[in-house]
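Please keep the view open as you read the points below.

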Amino acid sequence: MKRISLFLLAAVAVVSSAYASMLTNVYGRDYRMLNGRWDAIVDLYDQGDRMKVYENRSPQGTTDFYEYSFDGGLRLEVPGDWNSQSPELKYYEGTVWYGRHFEADPEPGNSEYLYFGAVSYRCNVYLNGKKIGEHEGGFTPFAIDVTGELKKGDNFLVVEVNNRRTRDAIPSLAFDWWNYGGITRDVMLVTVPENHIEDYFIRLRKDHPELIDIDLRMSQPLPGVAVTVDIPGLKKRFEGVTDSEGCVKGSLKVKNLKRWAPDAPVLYDVVLTAGADRVTEEIGFRNIAVDGTKILVNGQPQFMRCISFHEEIPQRMGRAFSQADATMLLNEAKELGVNMIRLAHYPQNEYTVRMAEKMGIMLWQEIPIWQGIDFADYGTRAKAQSMLTEMINRDKNRCAVGFWGVANETKPSPERNDFLMSLLETGKDIDTTRLYVAAFDLVEFDKDRGIFTMDDPFTENLDVVGVNKYMGWYHPWPVPPAEAVWDVTPGKPLIISEFGGEALYGQAGSRDVASSWSEDYQARLYEDNLRMMENIPNLAGVSPWILFDFRSPFRFHPTNQEGWNRKGLISDRGQRKKAWYIMRDFYNKKRNDK
Ligand code: GCB
């Protein structure tokens, strides 16, 4: 009891949800982009608040002046990380104030929202000199209701962004990717009717190929609002009326449904109406389940041919944020022959998720619970729950997402177990149609028994277990690859969620020496690992680490890394390394495997 009340207290205190609203399918609404060049003030010593920069005052009297001013200073592109926009900001970790003017013409009877696709990592938002919201978490969206705050004519919007690493944050103090700061995804002013469709979840019932479940919630808890959901392609219409909570629930029996699958990514137009509101969407329907050690997609065993990438364009040395960026990343993944992507290590932007769905790529999407998390901190737990909720809420209508990932490389402890358990509960409160997964780095070679094993009872709570194992890189081979025997979470599907090693593109060297940083060593490592995997009885998928070399302050070997993790199958300039071809051939062969 004490534990629960303490936790609730922390949740309220740390994650200020009072400001955050949700708006499903924001790109399907009436919106105006507020992207572009914003004014910026770099505030290393955090003086902007004291200086009230959000008021954007100009000197009045003869002795009046302001030092912290937006006028005539730095300008930054939104969306975009600040690190790649100015050499001085490459390593910057601290506060930057963003400001811009925009015109508005709010009409009575409408609600207006400011929507942020992501701000990395925490922010305070001010409109016309007044604080209107705050958010923590660098990879999930939030919307702020600004109805009544928005003025006709000129409005002044200020966002105080801070990306300082802290122990109670997620991710925490150290992580193996660049700590990009900034307003890193789209900013939109969204206009909807006053009582509008706030949220909906339309999906195939978990174990039923012909039953579509519909849940819809209006923004106002009012009964009697007529709701329709049309799927013209199936000649089907659902009709309902909201209850006193403003909610509608129901299901539609459909025949001749073409289910979405990686090799047939069928999407249907779906039109929702409720009172004065109307939203359109494309939604796909598929079943995903586990049967023993197999992953079933639409009832058929499917081997997951997977790859990971960070939300980064290596050639630009910056965070990916646009439709064009999504196209580049996904096309390269597709070339490798994948049917799935593990979006590392955090929710990536909606363009990527929606485009992957259209291209027939399944997704494993996770929150950045990445090593070093303070599991004893209830505030941190509340943040993780918010991030998971925001991720699932944004993408729960995307059938491409087959897996929700709750953690990467955590170690058993009562606090960790409790923390992860609470995440599974949070997730399943919203969505029970996906498989829940986490990745572990706890597989060890048991010398006495001569086998690879793992001891983490938490895996029993998961549908699918991911194993990150760097044989030949962080671990020498205890036996020849062909003789390796695995007894890891028997009876459950196991995905090798990471393996690999570093190589500098174009570097020739010994196939036997890791410190050659050569393509040859990396290629050998891939051959060995793939050989070992042939003997993993419950192997349901493979995901090499990683598609592209990526920037990381973890990696400062003076000649071979220079701030880059070189485990990419493709270099930072886009060149394919030898291991890429090995992986492509392996996936070609696996195409017909179940
Ligand atoms: C891991 C992590 C991943 C790292 C990778 C590496 O186990 O999950 O984020 O980048 O190893 O390169 O060491």
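1. Let us begin with a cysteine: C399 is buried, at 4% relative accessible area (buried means under 20%, exposed over 50%, partly exposed in between, with a 1.4 Å probe and protein chains only). The closest cysteine sulfur to that of C399 belongs to C306 and lies 16 Å away, too far for a bond. C123 is buried too, with 5% relative accessibility. Across the whole structure, zero disulfides are found (a disulfide is a pair of cysteine sulfur atoms within 2.5 Å).

2. A word on the basis of these remarks: the model is predicted, local features need pLDDT of at least 70, side-chain atom pairs count only at pLDDT 80 or more, and totals for chains, interfaces and linings use all residues. Residues are numbered from 1 along each chain as its sequence is written, and side-chain values use heavy atoms, leaving out hydrogens and water.

3. Next, please look at T433, in the loop between α5 (414–430) and β30 (435–440); helices (H or I, at least four residues) and strands (E, at least two) are DSSP runs, numbered from the N terminus. T433 is buried, with a relative accessible area of 9%. Beyond its neighbours within four places in sequence, T433 is in contact with F201, R203, L204, K206 and I288 (contact means heavy atoms within 4.5 Å).
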